[in-house]
Amino acid sequence: MKAPKKVDRASRAAVKRASRVADAARLKEGERPEVLQRENSIFPDDFFDGAQISNLKQAVGR
């Protein structure tokens, strides 16, 4: 098994911090939060369409 790559945590933190600052500026300029959420999400738009929660029927049926 290969050893995992080392992550430069300082660099990653700087990138995340810059992204948050940019997002805050966009919100201040009037950008809708939903737009930022969609851009920052790892899931495609239709990922949860038709999704079912497996134990929901049991909880509701009681």
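**View 1. Aspartate 23 in helix H1 of the predicted model.** Aspartate 23 lies in helix H1, which spans residues 9–28; helices are DSSP runs of H or I with at least four residues, strands are runs of E with at least two, and both are numbered from the N terminus. The model is predicted, so local features need pLDDT of at least 70 and side-chain atom pairs count only at pLDDT 80 or more, while totals for chains, interfaces and linings use all residues. Residues are numbered from 1 along each chain as its sequence is written, and side-chain values use heavy atoms, with hydrogens and water left out. Aspartate 23 is buried but has no salt bridge, and arginine 26, the nearest side chain of opposite charge, is 4.4 Å away. Buried denotes under 20% relative accessible area, exposed over 50%, and partly exposed the range in between (1.4 Å probe, protein chains only). A salt bridge requires a side-chain nitrogen of Lys or Arg within 4 Å of a carboxyl oxygen of Asp or Glu; Lys and Arg count as positive and Asp and Glu as negative, with His and the chain ends not counted. Leaving aside residues up to four places away in sequence, aspartate 23 touches Leu36 and Asn40 (contact: heavy atoms within 4.5 Å).

View 2. Arginine 26 pairs with glutamate 31 in a salt bridge whose closest N and O atoms are 3.3 Å apart. Glutamate 39 also forms a salt bridge with arginine 26, at 2.8 Å between the closest N and O atoms. This second pair links distant parts of the chain, as glutamate 39 is in helix H2 and arginine 26 in helix H1, 13 residues apart. Arginine 26 is partly exposed, with a relative accessible area of 25%, and glutamate 39 is likewise partly exposed, at 47%.

**View 3. The salt bridge between arginine 38 and aspartate 45.** The two side chains meet at 2.3 Å, N to O. Arginine 38 is partly exposed at 34% relative accessibility, whereas aspartate 45 is exposed at 60%. Elsewhere, salt bridges that share partners join Arg26, Glu31 and Glu39 into one network.

**View 4. Isoleucine 42 and a nonpolar surface patch.** Isoleucine 42 sits in the loop between helix H2 (33–40) and helix H3 (56–60) and is exposed, with a relative accessible area of 74%. Ile42, Phe43, Phe47 and Phe48 make a nonpolar surface patch of about 460 Å². Patch residues have over 30% relative accessible area and no salt bridge; like charges are joined within 9 Å and nonpolar side chains (Val, Leu, Ile, Met, Phe, Trp, Tyr) within 5 Å. Accessible areas come from the Shrake-Rupley method with a 1.4 Å probe, and for residues only the protein chains shown count as cover.
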